[in-house]
Amino acid sequence: MKIKIVENNVVLVSPSNENFEIHPLWLRERAKTENLVDKHNDQRLYDPSQLNQNIKIKKTSMNNGHLNIEFTDGIKFEYEVNDLLYEIDRKEPAENIILWDSNLKKKPTIVFEKEIFETKVMYNVLQDFYKYGFVIFKNVPVEENYIVNFANSIGTIRPTNFGESFSVKSVPEPNDLAYTSIALTPHTDNPYRKPIPCIQLLHCLENEVKGGFSTLVDGFSVSEYLRKKHKDLFKILTKTKVRFRFVDKTIILENWGELIELDDNNKIKQVRYSTRLDYVPALEKKELKIFYEARKLISDLYASSKFEIKFRLERGDLLMMDNHRLLHGRTSYDVSEGKRYLKGCYIDHDSTEGKLRYLERKFGLKWKK
Ligand SMILES: [Fe+2]
């Protein structure tokens, strides 16, 4: 992709040599003189829809990666060609993913340091998070509410009816099976919420038991496998909206969604899976037969050794995982062996993406493609 000037017009040239003229108004909206944009916050001081729609380029020249333009309304501005190209060709963090299964050789892991949130290391960690859908921090201080500081150092914690954070340990009369010692099959968290929490953080404060292994599955990887091998079953999982429901003494939460949700380009956007909470709609018998077959298959795949990784969270480990992409679970454990105590909380994708872009600007980096 490059930009050149052809007969006083700014033209974008694609790698396949298809050229198109960039609209002068598009460029004019990006002019950032002191009168046009507040230098403290990069926000426009005017409404661009009120500009002359027929604005033209009066004069233009290119010099050493700088594009100088004078518009017919008298505004002059010098653009960085690389900035324009970056905007045109940019990729979102979530587009840069690596699908994985149980053959994943090395889990993305980083040793935590107190100032990590402001470093280039954090930028790389966040990139790994988007590539793999999870990352493990080692040696995070084992303090009761450290996870709250941790979450708020990336972005902003998302409180729910479980509180700002929640304690994952075995308790009597639990309002969720997470707070028991039984095995939890692979699931995504809280598909009954609107919106569904994006990222889950789990901080291990105590782990004295032999069992209680954590499991992770790349839901996108399983979905792509289904798309390739079982087209019809894949299709019905992407078309059928299931109701998820959570019931507690003072609240009933519900939301609908596909087990595999696609975006407008048929790319996988989000997976939902929680066998404890799902209510399939009363479809016609023939259709439900296919749906149940598909759900059984995806359940088997999520639980299979082909896709699942299993590891022990040690005291001080903090697992950060994408709840829209990964499924997580744990094996059962015996409470008589000792303590197993995890603190959890949620943050939004806004937090990680915002932090990533902030660090990108701070260190003059561009998102690696
Ligand atoms: Fe969970």
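Phe-166 counts as buried, at 6% relative accessibility; the word buried is used for anything under 20% relative accessible area, with over 50% called exposed and partly exposed in between (1.4 Å probe, protein chains only). Tyr-346 is buried too, with a relative accessible area of 2%. These residues form an aromatic pair that is tilted, 5.2 Å centre to centre and with 40 degrees between the planes. Rings of Phe, Tyr and Trp (its six-membered ring) pair if their centres lie within 6.5 Å; planes under 30 degrees apart are stacked, over 60 edge-to-face, and the rest tilted. Phe-166 sits in strand β11 (residues 166-168) and Tyr-346 in strand β23 (residues 340-347), so the pair links parts of the chain that are 180 residues apart. Strands (E, at least two residues) and helices (H or I, at least four) are DSSP runs, numbered from the N terminus.

A word on what you are looking at. This is a predicted model, in which local features need pLDDT of at least 70 and side-chain atom pairs count only at pLDDT 80 or more, while totals for chains, interfaces and linings use all residues. Residues are numbered from 1 along each chain as its sequence is written, and side-chain values use heavy atoms, with hydrogens and water left out.

Now for the other rings. A search of the whole structure finds 15 aromatic pairs. One of them is edge-to-face, because the rings of Phe-117 and Phe-150 have their centres 5.1 Å apart and their planes at 80 degrees. Phe-117 lies in the loop between β9 (109-111) and α3 (120-132), and Phe-150 in helix α4 (residues 146-154), 33 residues apart. Phe-117 is buried at 8% relative accessibility, and Phe-150 is buried at 0%. Ring pairs also link both of them into a cluster with Phe-112, Phe-137 and Tyr-146.

Rings can have charged neighbours as well. The charged end of Lys-169 sits over the ring of Tyr-341, 4.2 Å from its centre, and Arg-193 lies over the face of Phe-162, at 5.2 Å from the ring centre. For this, NZ of Lys or CZ of Arg must be within 6 Å of the ring centre and within 35 degrees of the ring normal.

Finally, visit the iron ion. Its protein donors are His-187 (NE2), Asp-189 (OD) and His-328 (NE2), 2.1 to 2.2 Å away. Donors are N, O and S atoms within 2.8 Å of the metal (3.2 Å for Na, K and Ca); water is not among the atoms, so sites may look incomplete. His-187 lies in strand β12 (residues 184-187) and His-328 in strand β22 (residues 326-330), so the pair ties together parts 141 residues apart in sequence. Both His-187 and His-328 are buried.
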